[in-house]
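Subject: Structure for your review

Dear colleague,

Please find the structure below, followed by a short account of what was found in it.

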Amino acid sequence: MDPPAITGEDRSSPEPKMTLKRYFVKALHRLQKGPGYTYKELLVWYCDNTNTHGPKRIIREGPKKKVIWFLLTLLFASLVFWNWGSLILTYLSYGVSASLAIGFKTMTFPAVTICNASPYRYSKAKPYLQELDNLIDAALDRILQPPNENMTVSSPTNSSQDLNMQLWNQIPLMLIDESNKTHPVIYDILGNHSSFANLDGKNCKLALKLCTNNGTSCTYRNFTSAAQAVTEWYVLQSTSILSQKTERERIEIGYKAEEMILACLFGAEPCNYKNFTHLYHPDHGNCYIFNWGVEKKPLISSNPGAEFGLKLILDISQDDYIPYLTSTAGAWLMLHEQKTFPFLKDQGIYAMSGTETSIGVLVDELVRMGAPYSDCTVNGSDIPIKNLYQDYPTYQEETVPTEPCSNCTMEDRKESSTGAVYRTTYSIQACLRSCFQAWMVKDCNCCHYSFPRVQGKPYCNNQEFPDWAYCFSELRNQLEIRQTCIESCKETCNNTQYKMTISMADWPSEASENWIFHILSYERNKSRDITVDRSGIIKLNIYFQEYNYRTIVETAGTTVVWLLSSLGGQFGFWMGGSVLCIIEFGEILIDFVWITILKLIGWFKGLRRKRSQPPKRDALPTVSERVEAHTNLGFQGEEGEEGADDNPGDDNLAADGEAGSEPGTPPPQYDSLRVSAMDVMEMDSDGEADPTKA
C-alpha cells in the first residue's frame with residue numbers, strides 16, 4: 001500500500017519550527033562555550049586591532065618602548081576620564097545663559113494701584129480708637145513733663161481714672177534707664193512714680209513689654225527713638241482693636257473712591273472713580289486699581305508719551321489723618337501686571353502732596369527656563385504652601401432690588417459682602433506672606449490682621465489671645481522661619497517688570513492755585529468756597545516712555561549636543577579615538593565579563609561536585625564488608641557484559657571466570673558500571689554539534 005501523500009502545508013510547517021529551535025540551541029551552546037579566549041589573549045587581540053592610538057605600540061614595540069607607551073597611554077586615558085567627569089558635572093549643573101532682545105509693539109497698559117498713606121479717616125475711626133489716643137496722650141505727657149521738685153508720687157495725670165489701664169497693661173510702654181549698664185532700671189510710663197525729666201535722656205530708651213498670657217516670660221523691644229516706639233505701640237494696639245471689627249465697618253471708615261479720585265483721563269478718553277476696582281487692604285485701607293483686568297479686558301496704550309497715558313488728580317485729605325498711626329503724607333502708588341495682587345510696601349512708591357509726579361515706564365519681560373535649569377514656578381501649583389491671596393475676598397456691588405435689572409445705574413447699587421473673590425495670580429510676595437500666616441496659625445493659634453485669614457481661624461486680638469503680640473514678635477525675629485519660607489517659595493518663570501523714571505514739580509503754581517482749587521472744590525462737593533488745599537492735592541501722569549521693550553530670555557548653557565561634542569573632542573585630542581573606538585572598548589568589556597561569569601560558574605560547579613563526593617576512607621574494610629561487596633550482583637565488569645552481548649556462546653567462559661575470581665577481593669565501589677552510550681551528535685557546517693540530530 002502506498003503511503004499517504006504529504007501536502008505542501010504538512011511538509012513546510014515543521015521546518016520553521018526546527019530551524020528556530022536549532023538557532024536557539026546554537027545560541028545557548030555559544031553562550032555556554034564563551035568567547036573562547038583567555039584574559040591575556042583577549043587583551044592582546046584588542047591592543048592589536050583597536051583603532052585607538054597607543055595600545056598598538058604597547059604590543060609591537062621593544063621592552064623599553066612598551067613601558068613608555070604604556071605610561072603615556074595610561075596618562076592620557078586618565079586625562080580623558082578626568083575631563084569627561086568635569087564635562088558631565090558641568091552639564092548636570094544645568095547652567096543657563098541670558099540673552100537680551102529688544103522689540104517694538106503695542107503694549108498693554110499696566111495695572112495702577114493707588115492707596116492713601118493713611119488707611120482710615122480719623123473723623124470716622126476716632127470712636128474705635130478714642131481710648132487708645134487717651135493712653136498715648138497721657139504717656140507722652142509723662143515723657144515730656146518738665147521736672148517738678150514738689151511733685152509727689154501720684155497718678156500720672158489728673159484724668160488717669162478715665163484711662164483704660166487694662167488696655168495699657170496688655171502691651172505697656174516701658175522706659176529703660178541704662179545709666180548703670182549692669183543693673184538697668186525699668187519704669188512703666190504710666191506707673192506711680194515721679195517725672196522722667198530728671199533722667200538722662202542719652203541713657204534712656206523706650207521699649208515695648210511683650211509677655212505671655214501668664215506673664216512668666218517677657219521680652220522688651222527697644223527703640224532708639226521715642227517716635228518709633230510710639231508708632232509701633234499704636235500699630236499693635238490698633239491692630240488688635242480693628243481686627244475685632246467687621247470688614248464692612250473697616251471699609252466705611254476708609255477713604256471713598258469718589259472722595260479721593262477727583263479727575264481721571266486715559267489718553268483722550270475721560271474716566272472717573274467708577275473705572276477703578278475697589279480692593280480693601282488691612283495695611284492701607286481702601287485701595288483702587290485701574291486696569292486690573294479681573295472684571296474687564298485690559299486696556300491698550302495707543303502711543304507712547306505723556307498725552308497717551310493716565311492722568312489723575314487725587315485728594316488725600318491730609319487734615320483727616322490719624323496722628324499716631326500715620327506720620328507720612330502722600331499716596332501709595334504701584335504699577336504691576338494684570339490680576340496680580342499689589343504689595344505696596346514691597347514694590348510701591350510714594351507720591352508727594354502738592355506736586356505733579358510724572359512717571360515714565362519701560363517694560364522688561366523676564367522668561368526663565370524652569371526646572372531643572374532654574375527654581376521657578378509657572379502658576380504656583382507646585383508650591384507646598386497654600387496661596388491665601390489666590391481667592392482674595394471682596395465686596396462686590398449688587399443692585400438694591402434682588403431681581404435682575406437692566407436699567408439699574410451705578411447710583412442704584414450698593415456694596416455688600418456676597419462671598420465673591422478676586423482670582424489673582426501667583427507671586428513670590430503672596431507666597432511669603434501666606435507662609436508666615438501659616439506659622440502664625442501654628443504657633444499663635446490665630447491669624448495676623450495684615451494677611452488674609454485662614455479659614456476657621458480668627459484674627460489675633462488682646463481679648464481672645466492675650467499673648468499674641470509676644471508670639472508675633474518672637475516669630476518675626478526667628479531667622480529659621482524666614483529661611484524656611486524663602487526655601488519653600490519660588491519666583492515665577494514669566495515675569496513683567498516696570499522700570500519707572502520719576503520726576504516731580506510743584507503743582508499747582510502760585511499763580512494758578514486759586515482758580516484750580518475753586519474748580520476742584522466745586523466739582524467735589526458743589527461748594528463755592530475752597531475746600532481743598534496744596535497739602536492734600538496730588539497730580540499723577542503715568543505713561544510709556546517708548547514702545548521698545550526688552551525681553552530677557554534664559555537658554556540652556558549646556559545641551560546634549562554640547563556634551564557629546566565636548567566628550568568626543570577630548571577623546572579625539574588625547575587618545576585619537578572616535579565613537580567606534582568606544583564601541584570596541586565596550587565589546588572587550590563584555591567579553592571580559594563573559595569570561596569571568598563562565599569561570600565563576602565552573603568554579604561553583606566544581607565546588608558542588610567536590611562536596612557531593614563521599615569522603616575517602618583510610619581504614620581497611622572489614623570481612624563482612626568485603627563479603628557484602630563481593631556478593632553484590634550490581635557490580636559487574638563492563639568488559640564482561642560487552643563480551644557476553646557480543647558472544648552469546650561464551651557464557652560458560654564467563655561463568656568459569658566468575659567462579660575463578662579470588663574470594664574476598666571486592667570489585668571497585670562505583671555506583672554503577674552501566675554507562676549509557678553517548679548520543680552521537682551530528683556536526684553542523686560550523687563544526688559544532690547539533691543535538692537535534694542525535
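Which residues are linked with Arg121 in a network of salt bridges? The network joins Arg121, Glu259 and Asp320. Please note that this is a predicted model, in which local features need pLDDT of at least 70 and side-chain atom pairs count only at pLDDT 80 or more, while totals for chains, interfaces and linings use all residues. Residues are numbered from 1 along each chain as its sequence is written, and side-chain values use heavy atoms, with hydrogens and water left out.

Salt bridges

A salt bridge is counted where a side-chain nitrogen of Lys or Arg lies within 4 Å of a carboxyl oxygen of Asp or Glu. By this rule there are 15 salt bridges.

Helices (H or I, at least four residues) and strands (E, at least two) are DSSP runs, numbered from the N terminus. Arg121 is buried at 11% relative accessible area, whereas Glu259 is partly exposed at 26%. Here buried means under 20% relative accessible area, exposed over 50%, and partly exposed in between (1.4 Å probe, protein chains only).

A further salt bridge pairs Arg476 with Glu232, whose closest N and O atoms are 3.8 Å apart. Arg476 lies in helix α13 (residues 468–476) and Glu232 in helix α8 (residues 226–242), 244 residues apart. Glu232 is buried, at 19% relative accessibility, and Arg476 is partly exposed, at 31%.

Glu252 and Arg248 also meet in a salt bridge, at 3.2 Å from N to O. Both lie in helix α9 (residues 247–252), 4 residues apart, or about one turn of the helix.

Helix contact

The axes of helix α5 (residues 63–92) and helix α16 (residues 560–575) come within 9 Å and cross at roughly 170°. Axes are lines fitted to C-alpha atoms, for helices over the stretch in contact, with angles from 0 to 180 degrees between N-to-C directions. The two helices, α5 and α16, are therefore roughly antiparallel, a term for angles over 145 degrees.

Yours sincerely

Key. Parallel < 35°, antiparallel > 145°, perpendicular 65-115°, else oblique.
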